[in-house]
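Biologist: I am new to this structure and would like to learn how to read it. Could you take me through it feature by feature?

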Amino acid sequence: MAWTMRLWRPRSLGVALGVFLTIGFGLQLLGGPFQRRFPGLQLRQSWTPSLGPSVKSCLPRQRLVFLKTHKSGSSSVLSVLHRYGDKQGLRFALPAHYQFGYPKLFQASKVKGYHPQSSDAKKPFHILCHHMRFNLKEVLRVMPPDSFFFSIVRDPAALARSAFSYYKSTSLAFRKAPSLAAFLSNPRAFYRPGGRGNHYARNLLWFDFGLPFPPETRVSSHLPRDPNPLQLHAVPSGAGLGPLFQPTATVANSHQQPASSAPSDSGPSSFIQWGLAWLDSVFDLVMVAEYFDESLVLLADALCWGLDDVVGFMHNAQASGSEQRLSAANKSVVSEEQQLTARARAWNNLDWALYTHFNRSLWARIRQYGQSRLQRAVAELRARREALAKRCLMGGEALDPKYITDVRLRPLQFGSAKVLGYVLQSGLSQKDREECERLATPELQYKDKLDAKQFPPTVSLPLKTPRTLPP
Ligand SMILES: Nc1ncnc2c1ncn2[C@@H]1O[C@H](COP(=O)(O)OS(=O)(=O)O)[C@@H](OP(=O)(O)O)[C@H]1O
């Protein structure tokens, strides 16, 4: 009960009260399962990287929970999981359509083939990975508590650009704004908490992680609530988080860490610290889109998978993204872009805290893994990807959808920009074609394929009736 004593010391009282008041909603959402997954309110053991290529004594992990956050490179991760699970014959916990009732909180009942009575030993699914708003208590009804939990985050500025173009007509706030720059110069003119689709317009990562919102941004009257909340009147112990907005050392110091444009220098509130500590206790790994390949190497290591298991192509890229990057060569555009970046991070302050936190933990892990070892693995991964792209893809890269005539490979076109996809080389051997198709198939089509494999259509036997009916 040491954590209880610490909590109620006078110095901690104000913090604790603030935390209790502001996150009551969150505790209801998150409380019970926290104890279930981690008895005694212990934070997770810190991750230990493998010792090196010569020591391979681990077994590949095949019970996975991937929280597919929005506009953060998550479809590229999904592609890896779809392919691995498909090849290994694993069972996916699938939604009836393509998402688990999003933006409502995840409910186990939304999983096809879920049986409420199944014990941990009998949980039939290996991988849960489609879009959801995370809800640990319900996730643990479907997946065993020792599953590998992971997710991905992206710089909120890049995420905002992507989300604005993708959800321009889905979010009321975005719909009213003529441009992202106009939106961010005065977001409150367009944004109303709880407005339709407005969770896409602010702190989308925080929302997807299922975390509660502080009072000033709360959308309580419109947010879907957990219909059956469990109570746990405790905050995570051992949340000893340092200041978040500090630059972090990098691999070969060649990567710019998000130190500038921080919305606050005073560090995160205890509310945010609590949320981050909670996520640390649940998630085994949080990947970072800006260091996607580094993240993949760590993922392969943590799962005891090979590099070939995690090598894949980029999915769901919008054509406008690359145009924006090209025009950023112009100087005045650069300064506008910098202002936009700073404003996007400030507006999405919870996501910024989340991002810097997980960016920092990623680099701490990289140091544990060994920086030069990681660089070698990343180079190897990229070489394999390049070789696959040459072998599989027309033009060796992602293409405008107008070239993609095969509906099985054409990504869903949604939002105001074109979503790129792939065309396969002609003349591939059957084996290569199958492998290349797996790599190039967009998420929706792959989900349908897995669905059909797991739930084969029941063949209705012809009725045993004579061909000609008696008169
Ligand atoms: N490997 C890798 N590294 C970095 N960034 C990547 C990667 N793969 C995808 N992306 C970019 O992520 C954006 C799509 O994100 P999601 O797949 O999560 O979107 S979705 O919510 O599922 O629609 C989309 O961003 P935008 O192009 O800016 O829209 C992708 O380009």
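Modeller: What follows goes from the sheet to one residue and then to the helices. This is a predicted model, in which local features need pLDDT of at least 70 and side-chain atom pairs count only at pLDDT 80 or more, while totals for chains, interfaces and linings use all residues. Residues are numbered from 1 along each chain as its sequence is written, and side-chain values use heavy atoms, with hydrogens and water left out.

Biologist: In what order do the five strands form the open sheet?

Modeller: Strands of a sheet pair through backbone hydrogen bonds, either parallel or antiparallel. Strands (E, at least two residues) and helices (H or I, at least four) are DSSP runs, numbered from the N terminus, and two strands pair if DSSP finds at least two bridges between them. Here the order is S2-S3-S1-S4-S5, with parallel pairing, and the edge strands, each pairing on one side only, are S2 (92-93) and S5.

Biologist: Which way do the side chains of S1 point, and are they buried or exposed?

Modeller: Buried means under 20% relative accessible area and exposed over 50%, with partly exposed in between, using a 1.4 Å probe and protein chains only. From S1, Leu64 and Phe66 point one way and Val65 and Leu67 the other way, and all are buried. In strand S5 (residues 285-288), Leu285 and Met287 point one way and Val286 and Val288 the other way, and all of these are buried too.

Biologist: What stands opposite Met287 in the pairing of S4 and S5?

Modeller: Strand S4 (residues 148-153) is joined to S5 by four bridges, the two running parallel, and Ile152 stands opposite Met287, while Val153 has Val288 as its bridge partner. The C-alpha atoms of Met287 and Ile152 are separated by 4.3 Å, although the two are 135 residues apart along the chain.

Biologist: Why does Met287 count as buried?

Modeller: Met287 counts as buried because its relative accessibility is 0%. Contact means heavy atoms within 4.5 Å, and, leaving aside neighbours within four places in sequence, the contacts of Met287 include Val77, Phe150, Phe292 and Leu299.

Biologist: At what angle do helices H10 and H14 pack?

Modeller: Axes are lines fitted to C-alpha atoms, for helices over the stretch in contact, and angles run from 0 to 180 degrees between N-to-C directions. Angles under 35 degrees count as roughly parallel, over 145 as roughly antiparallel, 65 to 115 as roughly perpendicular and the rest as oblique. H10 (residues 292-303) and H14 (residues 349-369) pack at about 60°, with their axes 11 Å apart, and are therefore oblique to each other. The contact is made by Glu294, Ser295, Val297, Leu298 and Asp301 of H10 and Leu362, Arg365, Ile366 and Tyr369 of H14.

Biologist: How does H10 pack against H15?

Modeller: H10 and H15 (residues 371-392) pack at about 100°, with axes 9 Å apart, which makes H10 roughly perpendicular to H15. Among the residues that meet are Asp293 and Leu296 in H10 and Arg373 and Leu381 in H15.
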